[in-house]
Amino acid sequence: MILIISIDVRGHSCLLMGKGAGGRYIHVVCAPKDEYLAIITAYIPTLDDWEEGFKVRKVMKCMYCKGEMKRGEAPFHIDRKGVHLTLDDVPAWTCQQCGESYFEETEVESIQAMIQAVEQKMQKLATTG
């Protein structure tokens, strides 16, 4: 039996933290869908990566080189359907070793909304011409 201790909702996904019968913590990252709950990953957190209580992450590691990630800002650029979108300072996690950047769900959703808005405006331009 797992007792759910906390739920941290982040956009369309959440981190569930619980304790098993032996008192060991477990994290489950999931995303609610229309007809089911998608389990993204489940793992046993360690004090190497998490503060005491396992609610605050100490260090995030790069998927590519395993370097340490730091929270800051990073540029974003995309060329799509004749449109060039460049954002200079998007909140992101950036690897201190290889420079790879990761954007969290909130930032990704905002970027996607901008791209969709630009595409809609481009379609209106095409139909008025």
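Student: How much space lies in the largest cavity?
Tutor: This is a predicted model. A search of the whole structure finds one cavity of 30 Å³ or more. The space in the largest cavity is about 60 Å³.

Student: Which element gives the largest share of the lining of the largest cavity?
Tutor: The lining is made up of Ile78, Arg80, Val83, Leu85, Ile115, Val118 and Glu119. Strand E6 (68-80), strand E7 (83-95) and H1 each give two or more residues to this lining. The largest share is three residues, and the element that gives them is H1.

Student: How many residues of that lining are charged?
Tutor: Arg80 and Glu119 are among the lining residues, and Arg and Glu count as charged. Five residues of the lining are nonpolar and none is polar. The number of charged residues is two.

Student: In what order do the elements of the protein run?
Tutor: The protein has one helix and eight strands. The helix, H1, covers residues 105-128. From the N terminus on, the order is β-β-β-β-β-β-β-β-α.

Student: What percentage of the residues of the protein count as buried?
Tutor: A residue is buried when its relative accessible area is under 20%. The protein has 129 residues. The share that counts as buried is 26%.

Student: Is Glu107 buried or exposed?
Tutor: Glu107 lies in helix H1. Its relative accessibility is 14%. The cut-off for buried is under 20%. Glu107 therefore counts as buried.

Student: Which residues is Glu107 in contact with, leaving aside its neighbours within four places in sequence?
Tutor: Contact means heavy atoms within 4.5 Å. With those neighbours left aside, the residues in contact with Glu107 are Arg71, Val90 and Pro91.

Student: Which residue forms a salt bridge with Glu107?
Tutor: The closest N and O atoms of this pair are 3.9 Å apart, and a salt bridge needs them within 4 Å. The pair links distant parts of the chain, strand E6 and helix H1, 36 residues apart. The partner of Glu107 is Arg71.

Student: Which residue meets Lys70 in a salt bridge?
Tutor: The whole structure holds two salt bridges. In the one with Lys70, N and O are 3.9 Å apart.

Key:
Residues numbered from 1 in each chain as written. Predicted model: local features only at pLDDT ≥ 70, side-chain atom pairs only at ≥ 80, totals over all residues. Heavy atoms only, no water. Helix = DSSP H or I, 4+ residues; strand = E, 2+ residues; numbered from the N terminus. Buried < 20%, exposed > 50% of the residue type's maximum accessible area, 1.4 Å probe, protein only. 1 Å grid on protein atoms, 1.4 Å probe; cavity = no way out; pocket = protein on both sides within 12 Å on 5 of 7 lines; lining within 4 Å. Points joined across faces, edges and corners; volume = space filled by probe spheres on them. Salt bridge = Lys/Arg side-chain N within 4 Å of Asp/Glu carboxyl O.
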